[in-house]
Amino acid sequence: MIAASTAHGLTLGVFAVILAITLAITWWAARRTRDASGFWAANRGISGAQNGLAIAGDYMSAAAFLGTVGLIYLFGFDGFITGVAACASFVAVLLLLAERMRNAGKYTMADVMAFRLNARPARTAAAIGTLFVVGFYLVAQMIAAGALFEALAGITFPVAVVVTGLFMLVYVLFGGMIATTWVQIVKAVLLMAGVVVLTVLVLHRVSWNPLEVMAQAPEHTDAGEAFLAPGQFFGTPQDSVSTIVAFALGTAGLPHILMRFFTVPDGRAARRSVGWAVAVIGCFYLLVSIIGFGARDVLGTAGEKAAGTGGNLAAPLLAQNLGGGAGTFGGDVLLATISAVAFATILAVVAGLVMAASGALAHDVYSNVIRRGDASERDELRVARIGAVSVAIVAMVLAILAGKGFNIQFLVSLTFAVAASANFPSLWLTLTWRRFNTTGAVVGVGVGLVSSLVLIVLSPTVWPGPDSEGSPVALVNPALISVPLGFLGCWVGTMLGRAEADDRYLELRVRADTGLGAEQA
Amino acid sequence: MAVGDAQTTQREQAPGTGVDAIHDVIGSDAYQRLVARRRRFTALAAGLFYALLGAFTVLVAWGHDVMATRITSGLTVGYLAAVLVIIGVWAVVWAYSRTSIRVLDPLAAEARRAEQERQAR
C-alpha cells in the first residue's frame, strides 16, 4: 500500500470527475447513435486528427504507461524496447492496411476477408481470431484495473473489476463507437498531460538536461553501467527478437485498432489518423523513457519493493515523490492525478475492446454466418448489445477468478502474439495475394492461433509454473516461431484448397486502391 | 455479375461496380500507374525502415557492448538507436503522406473519375 487514506480520497475524487465527463460524453453520443453505422463506425464522421488521438487512446494501455515506466525503472534500457517496437508497428499498419481497410471494409476486420473469400468460413475464422485477441487483452486490462484500484484507491479487487466492467458497458451500450471514440480522445489528452507533467518534474531536477537523467541512473542501481544497455530484462537474444517481432507486427492484427479505421470518412482520413497516432505515441514513449530513467534516479534501489511486481506502481510512486513525498499535499495531489489518469486509460482501452468483440459476435457471427445476411439492422444491434454484455460478464468473471496475482504480462504477450500470428497473415494476404483462398485463410488463422497458444503454455512464463526452470519451449514470446507458422499455414492451405475465381480479388484491389465503391460517410 | 457460378454466389453481395467495369478500371492507365507508384514507394519505405528496425533488433539481441557505448555522458548508442527508430517511423509517415498527396491521390482520383464517367454513359 503506497497511499494514505487522504490520497485514496483525492484519487477517488479526481476519478469521479473523469467518470462524470465520460458519462456526459456517453449521454451526448447516445443521441447520435441511431443505426448500425452509428453504433460501430460512429457514422464515419470522425476526422483524421480525432481518430489519430482515439487510436493513441485505444493503443496506449495501462501496460504501455505503468508497465513501460516500471520495466525501465527495474531493467533500464530493455524496458524501452517494447515501446520502440510498438511505435514501429504503425509502419506496417500505414503501408499495408490503413487506407485499404477503410476502402474495403464496413465494420469489422472480417468484412475485408469475406469480401473476396468464401464468406462464412472466412468470417468465422476472422471472428475467432478477433475474439481470442480481444478476450485475452480484455481480461488482462480488467486484472490490471482491479489491482490498481486496490493499491491506489483502497477498493477491493472484485469490486474494482465490476466497476470497470459496468462503466465500460455503459459507454458501449448507450454511446456505441461515438462514445468510445471520445472517451479514448479524452483519455489520450489526459494521459499525455500526465506524462508531460511528470517529465517536466523529472527534468526540473536535472536543470532541464534529459541526458543527465540517464547519466545519473547507473549510480542508483545494483546493475551499474549495464542498466543503460540491453540484456537486463530479456534473458536470451531470441527473447528480445521474438518480442520485437510480436509488437512490430501485432498491431496490424489488433481488431480494436483496425476497427477504428472504419470511423473516418475516407481513405485519406485513415492515412491521416495514423500520422496523428504515431506523432502522439512516439512522443509518449520518448517521454515515458525519461520518466522511467527518472524513476530510477529518484526512487533508487529502495523503491523497488514498493513498486511491486513488474514495477507497475513506479509511475504513481514517482509522482508522489516528486510532489513532495507521502503525506504532503503536493505528493497526494500528484499521486491522485496520475492514479486517476491510469484508471481512465484502462476504461478507454476496454471500451474499444468490447466494441470489437461485439462487432465480431453480432455483425460477423450472428448476422452474416448464422442468419446468412438476412438479419435486420435492428436485430443486429440487439445482438451487438447482448454480445457486449456477455463478453463483459465473461471477462469480469475470468478476471475475478484469475485474481490480482495472475501474470498479466503473459496475457498481453499472448494478445500480440495471436494478433501477429493468426490475424495479420490472413488479413494481409487477403489484400495482396491473388492466389490466396478460403482454405488458406482458415488454415492460416487456425495454425497461427493454435501455435501461439501452445507455445505460450509451454513457455517459461507458464510451464510448469510461473518463472520456473525446465519448460519445453525457451521463448518467452512465441512470435518468432508462430508468425512464420501462421504464414506457412496460409500458404499450405492455399496450395491444398480449391482455387477460387479471382474476380472478387480484383474488385477488392480496385476498391482498396482507389476507394471506388467504398462505404460512404 | 458476369461470372455467376456457384462460387461467386457464396460470396456476399456488395454494391458497387460489376466485373466488367473492374477490368476496365484495372486496364486504365491511371490505375496501372497508381499501383506501380504505390508498390515502388512501399518497397522503398518498407525496405529502408525494416532495415533500420532489423539493425536495431540485431544490436539489441547480440550487440550489448556496442549499445552500451557512451557517445556523451548520458547518451548511449542504444538510446540513440531507439530514438532513431521512432524518428524513422515519423519519416515514413511524412514521406507517405507527401507521396500520397502529390502522386497517389491524384492517380486514384483519375482512376475513379474514368469509371464514374463510364457508368454515367
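**Exercise 1.** In this predicted model, determine how helix H3 (residues 48-59) of chain A and helix H8 (residues 157-205) of chain A are oriented to each other, given that they pack at an angle of about 75° with their axes 7 Å apart.

*Solution.* 
Step 1. An angle of 65 to 115 degrees counts as roughly perpendicular.
Step 2. H3(A) and H8(A) are therefore roughly perpendicular to each other.
Step 3. On the side of H3(A), the contact is made by Gln50(A), Leu53(A), Ala54(A), Ala56(A), Gly57(A) and Asp58(A); H8(A) contributes Thr181(A), Gln184(A), Ile185(A), Lys187(A) and Ala188(A).
Step 4. Sorted by class, the residues of this contact are five nonpolar, four polar and two charged.

**Exercise 2.** Classify the packing of helix H13 (residues 314-322) of chain A and helix H14 (residues 329-370) of chain A, whose axes are 7 Å apart at an angle of about 155°.

*Solution.* 
Step 1. Angles over 145 degrees count as roughly antiparallel.
Step 2. H13(A) is therefore roughly antiparallel to H14(A).
Step 3. The two helices cross in a right-handed manner.
Step 4. Ala315(A), Pro316(A), Ala319(A), Gln320(A) and Leu322(A) of H13(A) make the contact with Gly331(A), Leu334(A), Leu335(A), Ile338(A) and Ser339(A) of H14(A).
Step 5. This contact of H13(A) with H14(A) has seven nonpolar, three polar and no charged residues.

**Exercise 3.** Describe the crossing of helix H7 (residues 119-153) of chain A and helix H15 (residues 377-402) of chain A, whose axes come within 9 Å and cross at roughly 55°.

*Solution.* 
Step 1. The crossing of H7(A) with H15(A) is right-handed.
Step 2. Leu138(A), Val139(A), Met142(A), Ile143(A) and Gly146(A) in H7(A) meet residues of H15(A), namely Ala395(A), Met396(A), Leu398(A), Ala399(A) and Ala402(A).

**Exercise 4.** Which element supplies the largest share of the side of chain B that touches chain A?

*Solution.* 
Step 1. In the contact of the chains, 52 residues of chain B meet 51 residues of chain A.
Step 2. Elements that each supply at least two residues of this side of chain B include helix H3 (29-62), strand S2 (75-76) and helix H5 (77-120).
Step 3. The largest share, 18 residues, comes from H5(B).
Step 4. By class, this side of chain B holds 32 nonpolar, 15 polar and five charged residues.

Definitions and conventions
Residues numbered from 1 in each chain as written. Chains lettered and ligands numbered in written order. Predicted model: local features only at pLDDT ≥ 70, side-chain atom pairs only at ≥ 80, totals over all residues. Axes fitted to C-alpha atoms, helices over the stretch in contact; angles between N-to-C directions. Helix = DSSP H or I, 4+ residues; strand = E, 2+ residues; numbered from the N terminus. Left-handed = near helix turned anticlockwise from the far one by under 90°. Contact = placed C-beta atoms within 7 Å. Nonpolar A, V, L, I, M, F, W, Y, C, P; charged D, E, K, R; others polar. Parallel < 35°, antiparallel > 145°, perpendicular 65-115°, else oblique.
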